[in-house]
Amino acid sequence: MSEIKITLPDGTIKTVPKGTDAYSIAKSISEGLARVIIAAKVNGKVVELNRPITEDSTLSLLKWEDKEGKSTFWHSSAHLFAEALESLYPGVKFGIGPSIDNGFYYDVDLDGKKLSVEDLNTIEKKMQELAKKENQFNRKEVSKAEALEYFTQKGDPYKLELINELTDGDITFYSQGDFTDLCKGPHIPHTGFIKAIKLLNIAGAYWRGDEKNKQLTRVYGITFPKKSELDEYLLMLEEAKKRDHRVLGKDLEIFAFDDDVGPGLPLWLPKGAAIIEKLEEFAKKTEKEAGYMRVKSPHIAKESMYLKSGHLPYYKDSMFPPMELDGINYYLKAMNCPHHHKIFAATPKSYRDLPVRYAEYGTCYRYEQTGELFGLMRVRSLQMNDAHIYCTKAQFEQEFKAVNDLYVKYFKVFGIDKYVMRFSKHDPKKLGQKYIDAPEMWKETEDMVRKVLQSANIPYIEVEDEAAFYGPKIDIQIWSAIGREFTLATNQVDFAQAERFDLYFINEKSEKERPLILHRAPLSTHERFIGFLLEHYAGKFPLWMSPEQVILLPISEKYQEYSEKVLNILKKHDIRALIDDRSEKTGKKIRDAELKKLPLMLIIGEKEQGDNTVTVRKQGGEDLGAMTVEAFINYVNAEIAQQLN
RNA sequence: GCCGUUGUAGCUCAGGGGUAGAGCACUUCCUUGGUAAGGAAGAGGUCAAGGGUUCAAAUCCCUUCAAUGGCUCCA
């Protein structure tokens with residue numbers, strides 16, 4: 001029998017008979033290893049452990065801890081779910097059942113039967129029962145005809161549709177117990193590895209993600225090889241819920257919604273408004289230093305402007321319906337750019353004026369579908385950290401880079417490090433439809449964007465067919481506490497609207513020339529950004545933007561007067577402070593201040609009153625000891641200066 | 001917009017065809033206490049809204065509204 005060479009991740013080379021499987025190789029290394037591995041990666045491809053290896057290969061053995069180990073594990077769990085479901089509801093039809101970042105789902109058609117929470121418990125129990133049988137996952141290669149035959153017999157139209165799109169010779173079935181599924185694999189050795197099971201929720205999901213198709217029932221679940229890991233995961237979910245900006249926003253009195261005002265229309269309470277003011281102050285200062293000029297524009301405009309901008313035909317459904325005045329339709333603005341273009345056009349421009357940078361915290365209204373609304377993250381009224389930069393082609397790269405540098409600077413101030421820059425490109429096949437038909441401009445601007453990203457050494461991913469209709473863009477993707485993905489900020493190239501609005505400047509040769517436009521919103525909208533920050537800081541805003549910075553805690557009524565004196569001094573120094581003058585014990589006052597996430601507490605008793613000091617306790621418990629009021633003011637200012645640096 | 005779930009006090013939630021409940025928060029009083037909950041009393045609700053069934057509806061049914069988990073969408 002011929003032999004093959006297996007290269008392990010540490011570089012060791014093992015010589016084994018051709019056809020040996022990964023499990024045997026693991027066993028030859030150690031029994032312990034063989035027990036914990038659940039799949040193998042052969043020449044970069046994940047396969048099951050009992051697949052014979054037939055050529056010289058690299059091999060890594062995957063455990064639960066490995067990312068690919070987890071996805072294999074969860075994919076197998078989806079099959080276990082399907083097996084349980086089929087045994088409980090014979091005749092159920094199956095869509096797809098993949099693994100996801102946290103667990104798996106399976107889309108099923110129960111023919112009108114609705115699943116309840118109790119049903120999930122029953123299915124879970126069935127899964128437990130089936131898991132204990134330690135049924136093996138068996139792979140079988142089938143011809144297309146056989147595959148079609150099997151699912152025709154079974155009467156599953158979804159699987160038939162999938163099979164019809166596959167090439168003959170490349171189709172495999174996997175079976176465990178009495179259940180067989182169309183699947184390319186791989187799977188864990190047997191169901192017994194799945195020890196802890198939780199079905200999380202039920203949702204509707206369109207077949208193949210198309211809302212024209214039938215809506216199937218999607219069940220989400222997660223499994224673990226150990227019960228303790230499931231408990232840990234569930235605990236983590238609970239913790240994440242506490243950090244949800246909708247919960248914190250209510251607790252901390254940042255914002256509210258009201259039925260009479262309307263869905264997606266947040267009300268900013270005084271503390272929320274205070275945060276916004278500090279944020280704007282910071283943004284305006286930063287933008288001023290970066291050469292932006294502030295402009296202001298109305299909340300509505302005539303239909304003709306949105307026809308000109310090209311927005312209306314594409315985005316009418318996302319705008320509030322028009323109001324008619326004197327036979328003319330007016331729209332609430334959904335974006336600021338057309339107004340800014342009109343500001344650009346209002347005065348003649350020379351190349352000497354460029355780049356022109358117009359900034360406005362403009363309020364926009366978007367008619368988001370009801371199902372899309374999500375706390376502050378997805379709303380219908382929003383105020384954007386918007387600006388438009390008009391520049392020459394020669395200036396573009398530098399301007400684009402400056403905008404990117406601004407992002408990085410902001411993210412440093414806010415300590416935002418978990419994000420992905422997504423470079424969205426056009427799809428050449430959709431020129432003239434989804435995208436402006438200007439192939440050479442697309443190429444040119446996309447190359448420029450890539451060059452800036454590469455030279456700045458910024459990690460990014462490129463995605464096809466995600467650009468704006470007027471040019472490529474960079475989106476900064478972040479995740480909410482409960483794991484939902486959002487675009488936080490955006491930086492877009494626009495080579496179309498200058499033409500549409502007939503924007504030009506006079507170049508050195510006294511000719512009219514079109515500017516390039518950049519749309520940018522590094523601090524997103526107030527709504528989304530503060531929603532994000534609430535979660536990012538878990539409600540503990542840094543001192544500089546905290547709506548209430550200092551709380552004075554007199555130990556008893558006797559020190560009330562002195563406390564008020566201190567309060568007035570702090571207020572005069574622009575420090576946002578308040579007194580807790582309730583007749584409660586100090587411990588209680590501290591606890592309440594902690595729950596309200598107040599950054600600094602001043603404890604004031606006999607000692608402090610006697611020597612004109614305050615005793616400073618930071619949120620979380622750090623004791624900074626006693627200091628004079630003047631020293632405390634200096635401390636606050638130094639702290640803020642450092643945070644904004 | 002679609003599928004599912006939910007809607008009871010400011011908040012978190014229990015209850016459930018026959019006079020509406022708890023804890024926390026709030027108000028008042030007692031207490032004047034030094035680093036995460038001192039004590040007592042009180043006030044607070046058209047049980048989301050509208051309709052239906054019933055002697056009787058917060059409870060059962062229908063509709064609407066809103067929230068929520070997803071799907072679709074996201075300039």
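**Figure 1. Overall view of chain A and its domains.** Chain A is divided into domain 1 (3–63), domain 2 (68–240), domain 3 (255–536) and domain 4 (543–644), with bounds that come from an automatic or database domain assignment. This is a predicted model, in which local features need pLDDT of at least 70 and side-chain atom pairs count only at pLDDT 80 or more, while totals for chains, interfaces and linings use all residues. Residues are numbered from 1 along each chain as its sequence is written, chains are lettered from A and ligands numbered from 1 in the order in which they are written, and side-chain values use heavy atoms, with hydrogens and water left out. Taken over C-alpha atoms, the centres of domain 1 and domain 3 are separated by 51 Å. Along the principal axes, the C-alpha atoms of chain A fill a box of roughly 85 × 75 × 55 Å.

Figure 2. Chain A has 20 helices and 33 strands. These elements are DSSP runs numbered from the N terminus (helices: H or I, at least four residues; strands: E, at least two). Of the 645 residues in chain A, 50% are buried. Buried means under 20% relative accessible area, exposed means over 50%, and partly exposed lies in between (1.4 Å probe, protein chains only). Among contacts in chain A between residues at least 6 apart in sequence, 67% join residues at least 24 apart; a contact means heavy atoms within 4.5 Å.

**Figure 3. Helix 5 against helix 6.** Helix 5 (residues 144–154) and helix 6 (residues 157–164) pack at an angle of about 170 degrees, and their axes are 9 Å apart. Axes are lines fitted to C-alpha atoms, for helices over the stretch in contact, and angles run from 0 to 180 degrees between N-to-C directions. Helix 5 and helix 6 are therefore roughly antiparallel to each other. Angles under 35 degrees count as roughly parallel, over 145 as roughly antiparallel, 65 to 115 as roughly perpendicular and the rest as oblique. The crossing of helix 5 and helix 6 is left-handed; a crossing is left-handed if the near helix is turned anticlockwise from the far one by less than a right angle, and right-handed if clockwise. Lys144, Ala147, Leu148, Phe151 and Thr152 in helix 5 meet Lys159, Leu160, Ile163 and Asn164 in helix 6. By class, this contact of helix 5 with helix 6 has five nonpolar, two polar and two charged residues. Ala, Val, Leu, Ile, Met, Phe, Trp, Tyr, Cys and Pro count as nonpolar, Asp, Glu, Lys and Arg as charged, and the others, Gly among them, as polar.

**Figure 4. Helix 13 against helix 14.** Helix 13 (residues 393–414) and helix 14 (residues 439–455) pack at an angle of about 45 degrees, with axes 10 Å apart. Helix 13 contributes Lys393, Phe396, Glu397, Phe400, Lys401 and Asn404 to the contact, and helix 14 contributes Met441, Glu444, Met448, Val449, Lys451, Val452 and Leu453. The classes represented in the contact of helix 13 with helix 14 are seven nonpolar, one polar and five charged residues.

**Figure 5. Helix 17 against helix 20.** An angle of about 40 degrees is found where helix 17 packs with helix 20 (residues 629–644), and their axes are 11 Å apart. Helix 17 and helix 20 are therefore oblique to each other. Their crossing is right-handed. From helix 17, Tyr562, Val566, Ile569 and Leu570 meet Val629, Phe632 and Ile633 of helix 20. The contact of helix 17 with helix 20 has seven nonpolar, no polar and no charged residues.

**Figure 6. Ser381 and its neighbours.** Ser381 lies in strand 21 (residues 381–391). With a relative accessible area of 12%, Ser381 is buried. Not counting residues up to four places away in sequence, Ser381 touches Gly264, Leu265, Pro266, Cys364, Tyr365 and Glu527.

Figure 7. The peptide bond from Leu354 to Pro355 is cis, with omega near -5 degrees, and Pro355 is found in the loop between helix 12 (337–346) and strand 20 (356–365). Asp574 has a positive phi of about 65 degrees although it is not a glycine. The loop that holds Asp574 runs between helix 17 (560–572) and strand 30 (577–579), and Asp574 counts as exposed at 67% relative accessibility. Asn612, also not a glycine, has a positive phi of about 55 degrees. Asn612 is found in the loop between helix 19 (606–611) and strand 32 (613–618), where Asn612 is partly exposed with a relative accessible area of 42%.
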